[in-house]
Structure formats: C-alpha cells, structure tokens
Amino acid sequence: MRVTQSMLASNSLRNLSNSYSNMGKYQDQLATGKKINRPSDDPVVAIKGMFYRTNLTEVEQYKRNLNEAYQWMESSEQGIEHATQVSQRIRELLVQGNNGSNSPDDLKAIAAEIGQLKEDLAGVANTQVAGRYIFNGTKTDKNPITVNGDGTLTFDMNTEPFNVEVSKGVQLKVNINATNVFGSEFFNTLDSIEASLKNGDMSNGGQLLSDLDSHFNIMLAERSEIGARYNRLEMIDARIQDQEIIANRILSENEDADIERVITELTIQESIHRASLAVGSKVIQPTLIDFLR
C-alpha cells in the first residue's frame, strides 16, 4: 500500500489529538481527585460507586436517627430523675407532717408545698423535645396531662412504644412507660396526701407513706430499664461509627485517584506529547522553497 504525505499528516494529527485527550484526563483527575468524572470513563467504577454511596447515605441517616434517640432517652432519664427528686422531697414532707408535732397551720403549709410539687411533676410529664411530647407514647402531638383551672388534672396517656430505626432492621424503643412515673395512681396518692394534710388528719399517714414508697420503687425500675436501653444505644452507635469509617474507606478506594500515580502518568504523557510534536514537524513534507535553499 502506498503511504502518502496526507496519510502521515492525518495519523500525526490523530495521535496528537489522542495525546491531548490523555493529558486532559489526567489533569481532570488531578483537579477533582477522582478516578472518573463521568460514568463513561469507567462504568464498573461508576456502578460500584452508586452502591457504596447508597450504603454511606443509609449510615448517615442512622446517625441522625441515633441523635434523635439520644435526645429522647436523655430527656426521659432527666425527667425521671427530676420526678425522683420531687418524690423524695414529698416523702420528707410526709414524714414531717406525720410526726404528730405539727399544728394545723403547719400541716396546711406542708400541703401547700406538696400541691406546688404536684404541679411541677405535671409540667415535667408534658416535656417536649423538638415540639413532640416524649411522655405520651406515639401521641407525640398531645400533652399527656392537662392542668385544669380548678387545679385538678386530666390524664390522656398513651403507652405505645415509640421506636426509632437505629440500624438496618433494628428498631429501638426510645420512650418510657409514662404511667410508671407520672400515672394517675401516683397523682391520686399525692392528692390523698395533700387532702390529709389540709384536713389535719394523718391517721392514714403510714399507708400513704407505703403507697408513696411503692410508686418510688416503680420509678427506679423504669429508670433502670431506660438505662439498659441507653447502654445498648451506645453499642449500636459505636458499630454505626465503624460502619461509616469502612464505607468511606471503600468509597475512597473505588473513586479516589492515586495522586502520585496520576502525576507520574501526566509527566510521561507530556513527554510523549512533546516527542509527538517534534516527530510531526518532521513528517510534514518540506515546501519548494526548502528545496531551493
């Protein structure tokens, strides 16, 4: 086959164009730090990248769910702790009022303080986190206890578990059974204590003290349960953090460019390109003027 000057020139231009394309690819990798910048660069890497990014997105969502679970559990535990402290104070007042050395006015003063503590407990039962009531099961848009104008309380407590998905296929209960801490029976006992003190009749003081201690023990049991769930939440959190590290590493290995290798390849390609330019300039046939020199 006869090789003409135009064929040599066309081949030279095509090779130079490919050389420019290769240099552009390496420069893009250096600028972005990624192996590919479009799916056509490497479809296999692109498909794997989509799968790895989906896994990483799931892990990030679970981390956000964990933060919400922490808020609920920590707020619930704080509410139980406050209720426990208030109950201890009420017990102290009940023991004080039950010692038989108080005047009717003293008993009324103790009853007034217990009344204030009772309203404080009702306020704690209506605690909200991010605009949602945490002590009313799944009815997070409605307060569990309503304080009426005459000082009486209306209860509308929901005890269904409020679950949060903290890992793939794993849902964890983040609320407590509020009836064990702020239930109507507990407040009925407080009403009986307050009424007995106001009436100056503490003949049933021993029974009231026993009832109060019983409610106090139930509070402690509920606090222990949420503490156990909190420990489990921390273990899940640690596992999710490990999964995030692994997911980021796998994604990086799949997509991130080896900068040292890319710099080397770009340097080699630049040398090849300069050599191609030098050869191309000699391939082009000299003009008539060059022959006349």
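Student: Where does Ile259 sit?

Tutor: Ile259 is in helix 7, which covers residues 259-283. Helices here are DSSP runs of H or I with at least four residues, strands are runs of E with at least two, and both are numbered from the N terminus. Before we go on, this is a predicted model: local features need pLDDT of at least 70, side-chain atom pairs count only at pLDDT 80 or more, and totals for chains, interfaces and linings use all residues. Residues are numbered from 1 along each chain as its sequence is written, and side-chain values use heavy atoms, with hydrogens and water left out.

Student: OK. Why does Ile259 count as partly exposed?

Tutor: Because its relative accessibility is 33%. Buried means under 20% relative accessible area, exposed means over 50%, and partly exposed is in between, using a 1.4 Å probe and protein chains only.

Student: What does Ile259 touch?

Tutor: Leu30 and Gly33, not counting residues up to four places away in sequence. Contact means heavy atoms within 4.5 Å.

Student: Switching to the inside: how many residues are in the largest nonpolar core?

Tutor: It has 50 residues, and Ile90, Leu121, Phe182, Phe187 and Ile193 have the most contacts inside it. A nonpolar core is a set of buried Ala, Val, Leu, Ile, Met, Phe, Trp, Tyr and Cys residues joined through side-chain atoms within 4.5 Å.

Student: Which helix gives the most to this core?

Tutor: Helix 2, with 13 residues.

Student: What is Leu121 in contact with?

Tutor: Leaving aside neighbours within four places in sequence, the contacts of Leu121 include Ala83, Val86, Ile90, Phe182 and Phe187. There's also a second, separate core of five residues, among them Met23, Tyr26, Val262 and Leu266.

Student: What about Lys118, buried or exposed?

Tutor: Buried, at 9% relative accessibility. Lys118 lies in helix 3 (residues 104-125), and beyond four places in sequence it contacts Phe187, Leu190, Asp191 and Glu194.

Student: Now the strands: how many bridges join strand 5 to strand 6?

Tutor: Four, and the two strands run antiparallel. Strands pair if DSSP finds at least two bridges between them. Val164 stands opposite Leu172 in strand 6. Their hairpin has two residues between the strands, and Gly169 there takes a positive phi near 75°.

Student: Which residue has a positive phi although it is not a glycine?

Tutor: Ala130, at about 55°. Ala130 is in the loop between strand 1 (128-129) and strand 2 (132-133), and counts as exposed at 72% relative accessibility. Most residues other than glycine have a negative phi.
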